[in-house]
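Dear colleague,

Please read the notes with the structure open beside them.

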Amino acid sequence: MENTNTKIVSSPAPKKKRPASLEKRKAKAGWVFVAPFVIGFILIYLPIIVDSIKFSFNEISTIINPLGGSGGYALEFVGFENYQKALFEDADYVRTLISGIEQLILEVPAIVVFSLFIAVLLNDKIAGRAAFRAILFVPVILSTGLIEAIDASNNLMEFMDTSDSIDTGTGQSTAAQLSAAIDLEALFANMKVGTGLVEYVASAVDGISDIVNRSGVQILIFLAGLQSISPAIYESCRMDGATTWETFWKITFPMISPMILVNAIYTIIDAFTSESNAVMVLIDEVYGRPGGRELSSAMAWMYFLVVILILAAVAGIMSAFVFYQRKD
């Protein structure tokens with residue numbers, strides 16, 4: 001007799017695939033957004049960067065085509081000769097670089113402090129707050145893109161750019177007149193402060209128009225940081241009897257310290273890469289000279305390394321004082 005008691009073995013049910021976590025989905029979305037930049041950097045900018053490094057260590061000679069026209073170029077390796085020329089033979093490069101760093105030390109703190117001050121004012125509930133925010137961001141729009149190109153070809157703007165600001169007919173700009181009217185030396189006379197501080201404040205007042213023009217993005221970043229602070233924290237401070245001054249230094253300032261670091265880094269990069277930066281102007285001028293491509297490449301890479309070192313030093317020093325709020 002045949003055995004009909006056969007057992008039917010069922011296959012195990014397939015395991016359900018667990019959905020990706022929110023962090024992984026955000027990471028994928030982030031890569032989708034930066035993909036155009038990454039692709040463009042690899043295909044366009046990376047070959048240019050590699051060629052620039054090669055030019056800085058070589059001497060370029062043009063190959064003459066017997067049939068007419070250029071036949072390309074040939075590279076002759078010269079080591080660090082171009083770098084030595086930039087440092088020890090060119091009379092303007094080192095002087096301009098040191099002058100730019102000194103100017104940066106004066107400008108960056110002034111821009112960051114001014115941006116924080118304006119952001120704190122605009123964060124309060126005042127009439128016309130949105131209009132004031134738009135007005136303070138207008139210089140950022142006017143100094144970029146097509147508007148900047150139009151202004152560069154405008155004779156009136158070219159005339160105005162010949163001085164720090166508008167001359168009212170007295171031989172002094174409005175900023176210089178403001179500094180003279182305040183009489184900073186008399187103001188600080190009874191405060192027993194050094195002349196260095198007086199000179200710094202005077203230079204900041206003289207360059208107030210430039211500070212305002214370069215503070216638009218920083219103000220928005222500070223506003224975003226201020227609005228991310230929970231109102232419950234301020235409410236508890238008021239219930240404990242804390243003054244506005246104490247609340248700012250104990251709550252507001254530590255909570256926006258990451259934004260201070262971000263704005264400091266952004267301001268340094270913006271100052272070093274500006275078209276009006278003296279070092280950038282010098283490198284562009286050297287590039288236009290006969291045989292200046294190799295020398296300008298060496299200057300640019302040394303300038304790049306100096307900027308990286310300054311950014312690393314600023315980030316390292318300020319990171320020790322940055323407060324990061326825990327979300328757990």
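Which side chain meets that of aspartate 90 in a salt bridge? Arginine 289 does, at 3.9 Å from N to O, a salt bridge being a side-chain nitrogen of Lys or Arg within 4 Å of a carboxyl oxygen of Asp or Glu. Aspartate 90 lies in the loop between helix 2 and helix 3, and arginine 289 in the loop between helix 15 (278–287) and helix 16 (293–319), so the pair ties together parts that are 199 residues apart in sequence. Salt bridges that share partners join Asp90, Glu285 and Arg289 into one network. Aspartate 90 counts as buried at 13% relative accessibility, whereas arginine 289, with a relative accessible area of 32%, is partly exposed; here buried means under 20% relative accessible area, exposed over 50%, and partly exposed in between, with a 1.4 Å probe and protein chains only.

Before going further, please keep in mind that this is a predicted model, in which local features need pLDDT of at least 70 and side-chain atom pairs count only at pLDDT 80 or more, while totals for chains, interfaces and linings use all residues. Residues are numbered from 1 along each chain as its sequence is written, and side-chain values use heavy atoms, with hydrogens and water left out.

As for the whole protein, there are 16 helices and two strands, both taken as DSSP runs numbered from the N terminus (H or I and at least four residues for helices, E and at least two for strands). Of the 328 residues, 27% are buried. Among contacts (heavy atoms within 4.5 Å) between residues at least 6 apart in sequence, 63% join residues at least 24 apart.

Aspartate 51 is partly exposed at 27% relative accessibility, as is lysine 54 at 38%.

Leaving aside neighbours within four places in sequence, serine 56 is in contact with Gly79, Asn82, Tyr83, Glu294, Ser297, Ala298 and Trp301.

Finally, a word on the second largest pocket. Its lining consists of 20 residues, of which Asn123, Asp124, Tyr234, Arg238 and Thr252 lie nearest its centre. A pocket is found on a 1 Å grid over the protein atoms alone, as an open set of points where a 1.4 Å probe fits, with protein on both sides within 12 Å along at least five of seven lines, and lining residues have an atom within 4 Å of a point. Helix 13 supplies the largest share of this lining, five residues, and helices 3, 4, 11 and 12 are among those that each supply at least two.

With best wishes
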